[in-house]
Amino acid sequence: MTREEYNRCVRQYADNVYRFVLKNIRHEADAEDIVQNSFEILWKKHEEVNFEKAKSYLFMVARNNMIDQIRKRKRAGITDDESKADRMVKNEYTGAGEALDYALKQLPEKQREAILLRDYEGYSYQEIGEITGLSESQVKVYIFRARRALQKILVNPENVL
């Protein structure tokens with residue numbers, strides 16, 4: 001990959017990678033760090049990574065960094081309640097976005113990743129498989145189950161915010 005192609009990757013994919021990471025970890029500073037680290041790793045490997053595969057490679061690296069970050073937070077004893085309090089100060093209105101965020105948080109990690117990559121980022125099943133290391137059929141199953149779970153969560157009157 002050339003320098004020009006790398007810069008094109010930054011312009012085209014930085015926002016998408018950031019949204020994906022932020023939806024999963026819900027902490028802006030950590031999401032920014034993970035995106036920065038992902039692009040740093042891409043630059044270090046730019047001679048080995050083909051430009052056509054750069055998008056999948058970036059998401060795979062970001063996903064792996066995100067998992068590492070989640071594990072570090074768990075070991076450090078940082079809970080989601082602390083980051084939720086930070087978010088509530090910024091945004092007092094609770095509506096559909098918050099309900100969807102709540103529902104996504106209830107999903108198992110692999111289902112949440114698959115549904116975010118498919119419905120938020122528009123990846124194909126094959127690309128999601130490359131990013132997550134799952135087979136295409138496993139990806140389809142996770143997405144199907146995630147959609148059914150989201151439907152049950154969002155329709156349930158007990159979950160109305």
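Me: How far apart should the ends of helix H3 be, at 1.5 Å a residue?

Reply: The expected span of a helix is 1.5 Å times one less than its number of residues, and helices are DSSP runs of H or I with at least four residues, numbered from the N terminus. The 23 residues of helix H3 (residues 54-76) should therefore span 33 Å, and the end C-alpha atoms are 32 Å apart, which agrees. This is a predicted model, in which local features need pLDDT of at least 70 and side-chain atom pairs count only at pLDDT 80 or more, while totals for chains, interfaces and linings use all residues. Residues are numbered from 1 along each chain as its sequence is written, and side-chain values use heavy atoms, with hydrogens and water left out.

Me: Which residues in H3 are buried?

Reply: Buried means under 20% relative accessible area, exposed over 50%, and partly exposed in between (1.4 Å probe, protein chains only). Among the buried residues of H3 are Tyr 57, Leu 58, Phe 59 and Arg 73. Just after H3, Gly 77 takes a positive phi of about 85°.

Me: Which side chain does Glu 121 meet in a salt bridge?

Reply: A salt bridge is a side-chain nitrogen of Lys or Arg within 4 Å of a carboxyl oxygen of Asp or Glu. Glu 121 is paired in this way with Arg 19, at 3.4 Å from N to O. Glu 121 lies in the loop between helix H6 (109-120) and helix H7 (125-132), and Arg 19 in helix H1 (residues 3-25), so the pair ties together parts that are 102 residues apart in sequence. Glu 121 is buried, at 12% relative accessible area, whereas Arg 19 is partly exposed at 40%.

Note on methods: Helices (H or I, at least four residues) and strands (E, at least two) are DSSP runs, numbered from the N terminus.
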